[in-house]
Amino acid sequence: MSPVREFVRRSLWEVVPRDHQQTPTALRRRQLVTIGFVLVGAVVLGFSLRTDPGSSDFYLATLVLAAVWAVGAFTSGPLHLGRISRGEGLRRPVLSPILLGVLLVAVFTVGALVIREVSLADPLVRQIRSVLRYTEQTPIALLVFVTALNGIAEELFFRGAAFAAVTRHPVTVTTVAYTVATLATGNVMLSFAAVLLGVVVGLQRRASGGILAPILTHLTWSLSMLFLLPLIYL
């Protein structure tokens with residue numbers, strides 16, 4: 001088996017053994033808690049969509065939303081870090097999800113460059129630039145903090161609580177839910193990218209049984225795009 005196929009198999013496809021069974025009562029409790037926090041998150045999302053991207057109210061709403069996702073995740077039930085196979089044993093996924101995040105960054109960067117050069121995509125490019133210009137008025141440290149915090153909180157909730165609460169097609173369901181949530185950023189490019197990202201981290205969650213790999217891939221991707229998109233479009 002080639003190194004690339006082995007990397008993909010271990011990172012996204014091979015489901016490692018785990019003992020994360022939930023009793024019917026625990027599952028029902030997790031589902032109710034998750035639904036409740038989705039409703040709360042929807043209210044915060046609605047407020048976010050009524051604020052100007054880059055404004056103080058927008059960042060406040062973003063931080064509140066991150067808190068909602070994190071609290072919802074931890075109150076829903078146990079969360080697991082997960083493991084992937086290595087040789088004859090299992091280990092925590094650290095390097096492989098970061099490498100996978102770098103590969104995603106490369107794919108999205110090429111896509112962003114292509115979109116920038118396609119005349120039919122001019123309306124989309126103008127909208128992306130209008131959103132990115134707000135970030136020029138925000139200290140980079142705050143942008144990094146908010147981006148990282150939200151990335152972690154989103155994975156805690158969507159690949160942690162929500163994934164464990166869904167009994168059928170959890171990768172698809174959590175990807176759709178995450179894509180809707182990403183619309184609150186006001187960045188159309190990131191919202192489109194959330195579909196592919198959601199599938200990748202969903203497969204990581206299914207394979208490893210935990211949230212560590214999705215968090216590391218998400219952080220690698222989101223922090224990289226935070227710096228790359230302005231270079232491409234501004």
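H169 sits in the loop between α6 (140-165) and α7 (170-182). Helices here are DSSP runs (H or I) of at least four residues, numbered from the N terminus. The phi angle of H169 is near 50 degrees, a positive value in a residue other than glycine. At 56% relative accessibility, H169 counts as exposed. Exposed means over 50% relative accessible area, buried means under 20%, and partly exposed lies in between, with a 1.4 Å probe and protein chains only.

This is a predicted model, in which local features need pLDDT of at least 70 and side-chain atom pairs count only at pLDDT 80 or more, while totals for chains, interfaces and linings use all residues. Residues are numbered from 1 along each chain as its sequence is written, and side-chain values use heavy atoms, leaving out hydrogens and water.

**Helix pairs**

| Helix pair | Axes come within | Crossing angle |
|---|---|---|
| α4 (residues 95-117) and α9 (residues 212-233) | 8 Å | roughly 30 degrees |
| α2 and α3 (residues 56-76) | 9 Å | roughly 180 degrees |
| α1 (residues 3-13) and α4 | 11 Å | roughly 105 degrees |

Angles under 35 degrees count as roughly parallel, over 145 as roughly antiparallel, 65 to 115 as roughly perpendicular, and the rest as oblique.

Take α4 and α9. Their axes cross at roughly 30 degrees, so the two helices are roughly parallel to each other. The crossing of α4 past α9 is right-handed. That term applies if the near helix is turned clockwise from the far one by less than a right angle. The contact of α4 with α9 has 18 nonpolar, five polar and one charged residues. Ala, Val, Leu, Ile, Met, Phe, Trp, Tyr, Cys and Pro count as nonpolar, Asp, Glu, Lys and Arg as charged, and the others, Gly among them, as polar.

Next, α2 and α3. Their axes cross at roughly 180 degrees. That makes α2 roughly antiparallel to α3. Contact means heavy atoms within 4.5 Å. On the α2 side, the residues include R29, F37 and L45; among those they meet in α3 are D57, W69 and S76. By class, this contact divides into 14 nonpolar, six polar and three charged residues.

Then α1 and α4. Their axes cross at roughly 105 degrees. That makes α1 roughly perpendicular to α4. F7, S11 and L12 of α1 make the contact with S96, L99, L100 and L103 of α4. The classes are five nonpolar, two polar and no charged residues.

**Single residues**

T217 belongs to helix α9. Its relative accessibility is 0%, so T217 counts as buried. The side chains of T217 and Q204 are joined by a polar contact of 2.8 Å. A polar contact is a pair of N or O atoms within 3.5 Å; within protein, one must be able to donate a hydrogen and the other to accept it, and residues adjacent in sequence count only if both atoms are side-chain atoms. Leaving aside neighbours within four places in sequence, T217 is in contact with P97, L100, G101, L104, L197, V201 and Q204.

E155 lies in helix α6. At 0% relative accessibility, E155 counts as buried. A polar contact of 2.6 Å links the side chains of E155 and H218. Not counting residues up to four places away in sequence, E155 touches G160, V201, I211, P214, I215 and H218.

I35 is part of helix α2 (residues 24-48). At 52% relative accessibility, I35 counts as exposed. I35 and A164 are 129 residues apart in sequence and 12 Å apart in space, C-alpha to C-alpha.

Notes
Axes are lines fitted to C-alpha atoms, for helices over the stretch in contact, and angles run from 0 to 180 degrees between N-to-C directions.
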